[in-house]
Amino acid sequence: MSERKPYVGGNWKMNTDLAGASELARSVADGLATAEGVEAAVFPPFPYLIPVGGMLRDRHSNVKLGAQDLYPEPDGAFTGEVSIAMLQDCGVKTVLVGHSERRHVIGEDEALLARKTSAVLESGLECVLCIGEKLEEREAGQTNAVNERQLRSGLGQVTVEQMARLTVAYEPVWAIGTGKTATPDDAQTAHAHIRGVLADLFGDGVAQAVRIQYGGSVKPHNAHELFSMPDIDGGLIGGAALKAADFVPIVKAAAGAPVSG
Ligand code: PEP
């Protein structure tokens with residue numbers, strides 16, 4: 001029997017500016033200062049990692065500093081890319097891999113994402129591996145198959161020990177930034193299948209311990225219902241993470257609801 005602490009991340013994407021990022025970090029840190037029973041992280045753009053990290057430290061916040069991406073080589077001729085050691089220098093504790101915008105807008109393939117996931121976990125950092133089906137895949141009845149393929153591929157080089165630092169974010173692509181949310185039942189069905197695949201890959205103990213976040217138009221008004229489902233362990237939040245007045249209540253909606261498996 002394992003107990004999963006809910007976990008909510010705020011993905012700021014390519015938004016904010018220097019002053020706005022620091023102010024958002026301050027409001028999130030202060031809004032969550034007394035929140036218990038939940039973990040939270042923010043993922044600002046690369047240039048604002050240091051000021052946001054500084055603000056979180058100044059406010060004695062437990063909110064983790066995350067990065068939206070990384071390049072899985074230690075150094076060298078990779079113009080425009082950012083290494084894991086550079087992220088660690090900035091105080092980063094966790095890294096997103098495979099967000100749908102990296103997969104489908106930037107065009108990253110599954111082989112690269114598997115290298116990224118493995119490199120992040122090898123470094124000792126935490127990793128949030130994002131997976132999810134596109135609308136046409138859902139309509140063709142391929143939701144579980146797509147999630148399973150992305151999961152098996154993304155975790156192909158990951159060891160059982162490293163899974164202690166891995167979170168899965170299930171984000172149906174058609175629900176990201178669209179205002180359309182999966183119903184709690186549909187999301188639960190996908191999460192249960194994902195947990196089944198994790199059990200097949202790493203055993204039931206690991207599968208029961210891994211947090212699986214839901215992402216896709218989570219807002220203060222729908223967070224509680226989604227987070228109450230047995231296999232939904234918090235969320236990855238985009239648009240609503242840009243306002244502390246929305247993000248803080250979403251994190252609090254996940255607090256105090258650990259799930260036993
Ligand atoms: C995301 O970008 O991970 C996301 C879930 O975005 P939104 O909450 O805006 O749908």
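Residues are numbered from 1 along each chain as its sequence is written, and side-chain values rest on heavy atoms, without hydrogens or water. Because the model is predicted, local features need pLDDT of at least 70 and side-chain atom pairs count only at pLDDT 80 or more, while totals for chains, interfaces and linings use all residues.

**View 1. The surroundings of the ligand.** Here 14 residues surround the ligand, each having a heavy atom within 4 Å of it. The closest are Lys13, Glu171, Gly177, Ser217 and Gly239. Look for the polar contacts, meaning pairs of N or O atoms within 3.5 Å. The side chain of Lys13 places an N or O atom 2.6 Å from a ligand oxygen, and the side chain of His99 has one at 2.8 Å from an oxygen of the ligand. Gly239 takes part through its backbone, with an N or O atom 2.8 Å from a ligand oxygen.

**View 2. Helix H10 beside helix H11.** Helices are DSSP runs of H or I with at least four residues, numbered from the N terminus. The axes (lines fitted to C-alpha atoms over the stretch in contact, with angles from 0 to 180 degrees between N-to-C directions) of H10 (residues 220-227) and H11 (residues 244-254) come within 9 Å and cross at roughly 20 degrees. That makes H10 roughly parallel to H11, a term for angles under 35 degrees. In contact (heavy atoms within 4.5 Å) are Pro220, Ala223, His224 and Phe227 of H10 with Asp246, Pro249, Ile250, Ala253 and Ala254 of H11. These residues divide into 7 nonpolar, 1 polar and 1 charged.

**View 3. Helix H5 crossing helix H7.** The axes of H5 (residues 110-122) and H7 (residues 143-154) come within 8 Å, crossing at roughly 50 degrees. Glu110, Ala114 and Thr117 from H5 meet Arg149, Gln150, Ser153 and Gly154 from H7. By class, this contact has 1 nonpolar, 4 polar and 2 charged residues.

**View 4. Helix H7 with helix H8.** H7 also has a partner in H8 (residues 184-202), with axes that come within 10 Å and cross at roughly 40 degrees. On the H7 side, the meeting residues include Asn144 and Leu151, and on the H8 side they include Ala190 and Val197. The contact of H7 with H8 has 6 nonpolar, 3 polar and 3 charged residues.

How values were computed: Helix = DSSP H or I, 4+ residues; strand = E, 2+ residues; numbered from the N terminus. Parallel < 35°, antiparallel > 145°, perpendicular 65-115°, else oblique. Nonpolar A, V, L, I, M, F, W, Y, C, P; charged D, E, K, R; others polar. Polar contact = N/O pair within 3.5 Å; in protein donor to acceptor, adjacent residues only side chain to side chain.
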